[in-house]
Amino acid sequence: MNYRHAFHAGNHADILKHAALAAALAIQIKKPKPIVVLDAFAGAGRYDLGLDERAARTGEWRGGVERLWERREQAPAALTPFLDALDMENPDGALRYYPGSPALAQHFLRVGDHLRLVEKHPEEAALLAHAMGRDGRVKVFEEDGWTALRAQLPPTPRRGLVLIDPPFEAQGEFQRMTASLKEGLKRWATGVFMLWSPIVDRALNRAYREQAAVVAGETPCLAIELSPRREGAGGLIGSTLLCLNPPYGFAEACEQFGPFLAETLSDDGAAGWSAMWLVEPK
Ligand SMILES: C[S@@+](CC[C@H](N)C(=O)[O-])C[C@H]1O[C@@H](n2cnc3c(N)ncnc32)[C@H](O)[C@@H]1O
């Protein structure tokens, strides 16, 4: 377990994932019923872009959140939930703190909602617990995320969202994703599931999407993709987020913010964006 998210916090892949997560949560909390959010690979929770030398070393956030921050006045309404959270993280108007999925989700919690955060790395789990502060709605588990996805589903109450965002440093992670999705849907057929994956090799990605569509069966499944870097540029070209059982209005929100993110985060005007139903809602 060498992966540390601080090297990558706020990069283009985080922006796609977190803009979508914020949009989905903003829709879910419009209804009065409480929600449960399970983040099975939570990371450190919040990142200090100004002081963390790992963030400075890669500078990935400069091609991500910094570009978005500079254009936030022009952003479409669908990005408001995410941008409001970014504003709350940086109340003096200078970009310094970047909320990981835990800090982001925490912004949307109401009284009665629950946030369950799973992180296996002891140092990251300690940072995470510190970042969350004393909040009775939030629980941190220092354990294995794959196991938690079995043990903690279905949640009570049965309304909410699961984020599956592993580091993709081990072989077979794509297969693990679809296997845990299969099991997750069996345990909680009505849950909203979000699965992040990197685009490094297009053929591998296509095969994964086909497999995910098979596993989804009749469950609506939307795939959104943002690729700010040209194929052959090396490293992470872009990323995919699968969303199963997306809440009503989520696909429209993605259609609204996707082209803006592509334009804002593109390295050379070559950004690719798509939103595609792998399984259409009935
Ligand atoms: C991509 S990062 C998570 C980023 C976070 N979801 C966010 O959006 O801010 C993946 C995290 O999973 C953790 N991790 C790796 N293997 C794990 C496992 N088996 N169970 C739980 N966490 C794991 C890593 O330590 C890392 O912090």
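Two strands pair if DSSP finds at least two bridges between them. Helices (H or I, at least four residues) and strands (E, at least two) are DSSP runs, numbered from the N terminus. The model shown is predicted: local features need pLDDT of at least 70, side-chain atom pairs count only at pLDDT 80 or more, and totals for chains, interfaces and linings use all residues. Residues are numbered from 1 along each chain as its sequence is written.

**View A. Strand β8 and its pairing with strand β10.** Seven bridges join β8 (residues 221-227) to β10 (residues 272-279) in the antiparallel sense. Cys 221 has Val 279 as its bridge partner in β10.

**View B. Strand β8 and its pairing with strand β9.** β9 (residues 238-244) runs antiparallel to β8, and six bridges join the two. Here Glu 225 has Thr 240 of β9 as its bridge partner.

**View C. The two faces of strand β8.** Seven of the seven residues of β8 are buried (20 or more other C-beta atoms lie within 10 Å of the residue's own; exposed means 12 or fewer, partly exposed in between, with C-beta atoms placed from the backbone). One side carries Cys 221, Ala 223, Glu 225 and Ser 227, and the other carries Leu 222, Ile 224 and Leu 226.

**View D. Strand β1 between two descriptions of pairing.** β1 (residues 36-39) directs Val 36 and Leu 38 one way and Val 37 and Asp 39 the other way, and all are buried. Four bridges pair β1 with β4 (residues 114-118) in the parallel sense, and Val 37 stands opposite Leu 115. β1 also pairs with β6 (residues 160-164) in the parallel sense over four bridges, where Leu 38 has Val 162 as its partner.
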